[in-house]
Amino acid sequence: MDREGGRLMVAEVNRRAFLAATGAAAALGVVGTTEGAAAAPAAGSAAERAATARAIAGIRLPNVAVRAAAKADPTEATLAEAAQLLRRNVVTATELVSAHLERADTYDGVYQAFNARPAEAARARARAVDRGRVSGPLAGIPLTIKDNFFTAGVATTANSTIFEDFVPTYDATAWSRLQAGGAVMVGKGQMGPLATTRATLPNGTVTTVNAWTPADAGVDPGGSSTGPATSVAARMACSSIGTQTGGSIILPANRQNLTGLKPTMGRVSLHGVVPLTYTRDHVGPLARDVLDAAIMLQVLAGVDSQDPRTQGLPRKPDFIASALPKVDRRGRVVARRATRIGVPEGYLASFTGEALALQTEALAALDAIPGLTLVDVTYPDDWALLTGTFNAVRLPERTEPFLRLLQQDPTRFGVSLTSWVQGLFLSGDEWITGQRAKHRLLRDVLDTVMADCDVLLQTSVVPFDILGLPEIGFPIGFAASSAGPDTLPVGTVLGGAPYEEDRLIEVVAAYQAVTDWHLRRPADPDLGGRVAGRRGAAPRLSADEVARLTA
């Protein structure tokens, strides 16, 4: 079989597995209610946990060149660099974790990235790493865990009054896998209430800021995974995990100069995550570059008996190998595989000014990498209808797990109540029609839009969120903010075929090998003057704004 035949065979196997998985997820609807999730058992049997631990222990991180800035300040290091510094005994786990905790002590009053910071537990775990009692590929690496992941003994509030007193007795599978890798949790990341908006208080008052504009809370830092993203961009954690239902990994990554990876539905377990929409919820990393994102995904991805979405999937690729740039005999960075990058008709027309120039330059940089080819693609005539109007079918899935709580006390949903109530008003026939539209959209994407390309540039995360397909957001430069004098990161988004996260990683790894945008870090906040270091009162989102933002 030739190379093209092999590619088509793999794509067809992945497609069949994905269609089976999405059908099962739709039939299940939701895997449990909020009460059921709290009472569910910890992930898997003892045998399953032991097998998982062995698999994670076998992950090997690559040797990387550590930049001078990372040697001088370990909070500057990428995850891969930090692991290298630990392996070489340049820093201890205690020193690495303490450096990040001290930055949070100094600056999180401005950033407000964390909902909780179990600092003493983090230091104790770092000491255990130094004493050889904890090991693994992530041993000693400080991470932020979004506050909708169950963390045994540490409150999981989902930044909501509904869960304000909830302390789980077990860990979410994703966090459990990271712990099996030796990771250290330095904090629970602040988030939008129940993952609906950017991070705010339940009454809509904005909390977490964009790390690039810490004095201006009016600049949007991205979707609900705001705290995890800001903590990484502000060098208070090496990496983090967030969740995405409507862009909450990709958008914070694009707006804070990070690399965010949303895997295919089922690649990472949702067990122990406070639900938003089960057929669209995804767990993924928010990292400083694509290698860090690949390392995180290598640990996170795997079968979980507590989440049927994870079962029966194609074999997990070597994401870390995919993130290592390939260089030819002439010293040029080349694609690991010949890859066609689809550019939708009118793609550049979606941008103006500096953003347009940056997107144009990014296309040129990608096209200049041997093995990567830009190809034109066309959306079907009803694309706007399928990705717009029918996007509302997710609302009943959001409402159903919280129906009893809505009946008991709707005030506990705060400023986001309107968006939760909307799910009550979609009729059964509308929901069925929406599901048909979703399957039509999936057919259009796989059979038409991506028929002549391997990955697809996007101007919106919505289509691939609706379908549960993988996507990655990464930085391509900086442009002046329309809201003020600050220069802000600009990113772009690539979507991929089912279970082909490795292809997305390969493309971004090649791009980041020939650019340095991902190495830029924001300046520290000015702590002079106001104690809070922020100008004026924090803005407050109204119920109408929240409903519009989550529509």
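First, the ground rules. The model is predicted, with local features needing pLDDT of at least 70, side-chain atom pairs counting only at pLDDT 80 or more, and totals for chains, interfaces and linings using all residues. Residues are numbered from 1 along each chain as its sequence is written, and side-chain values use heavy atoms, with hydrogens and water left out.

Let's start with the overall picture. The protein chain has 21 helices and 13 strands; these are DSSP runs, H or I of at least four residues for helices and E of at least two for strands, numbered from the N terminus. Of its 551 residues, 59% count as buried, where buried means under 20% relative accessible area, exposed over 50%, and partly exposed in between, with a 1.4 Å probe and protein chains only. Now take the contacts, meaning heavy atoms within 4.5 Å. Among those between residues at least 6 apart in sequence, 76% join residues at least 24 apart.

The largest nonpolar core has 126 residues, and Ile141, Leu178, Leu194, Phe402 and Leu494 touch the most other members. Its largest share, nine residues, comes from α11. Apart from this core lies another, of 17 residues, including Leu386, Leu442, Cys453 and Phe464. By nonpolar core I mean a set of buried Ala, Val, Leu, Ile, Met, Phe, Trp, Tyr and Cys residues joined through side-chain atoms within 4.5 Å.

So let's look at α11 itself. How many of the residues of helix α11 are buried? Eleven of the eleven, residues 290-300, so the helix is largely enclosed by the rest of the structure. At the start of the helix, a side-chain oxygen of aspartate 289 comes within 3.3 Å of the backbone nitrogen of leucine 291.

Now for the neighbours of α11. Two packed helices are described by the angle between their axes and the distance between the axes. Here axes are lines fitted to C-alpha atoms, for helices over the stretch in contact, and angles run from 0 to 180 degrees between N-to-C directions.

Take helix α20, residues 501-514, to begin with. Its axis and that of α11 come within 9 Å and cross at roughly 155°. The two helices are therefore roughly antiparallel; the cut-offs are under 35 degrees for roughly parallel, over 145 for roughly antiparallel, 65 to 115 for roughly perpendicular, and oblique for the rest. From α11, Val290, Ala294 and Leu297 meet Glu501, Ile505, Val508, Ala509 and Gln512 of α20. By class, that contact has six nonpolar, one polar and one charged residues. For the classes, Ala, Val, Leu, Ile, Met, Phe, Trp, Tyr, Cys and Pro count as nonpolar, Asp, Glu, Lys and Arg as charged, and the others, Gly among them, as polar.

The other neighbour is helix α8, residues 173-180, which packs on α11 at an angle of about 105° with the axes 8 Å apart. This pair is therefore roughly perpendicular. Ala174, Arg177 and Leu178 of α8 meet Met296, Val299 and Leu300 of α11, and the contact divides into five nonpolar, no polar and one charged.

Let me move to some loops. Two residues there have positive phi without being glycine. Leucine 194, in the loop between β3 and α9, has a phi of about 55° and is buried at 3% relative accessibility. Tyrosine 499, in the loop between β13 (487-496) and α20, has phi near 65° and is buried at 2%.

Glutamine 190 also lies in the loop between β3 (184-189) and α9 (226-233). Buried or exposed? Glutamine 190 is buried, with a relative accessible area of 6%. Its side chain makes a polar contact of 3.3 Å with the side chain of asparagine 159. A polar contact is a pair of N or O atoms within 3.5 Å; within protein, one must be able to donate a hydrogen and the other to accept it, and residues adjacent in sequence count only if both atoms are side-chain atoms.

Finally, glutamine 435 sits in helix α18, residues 428-449, and is buried at 12%. Leaving out residues up to four places away in sequence, glutamine 435 touches Val393 and Glu397.
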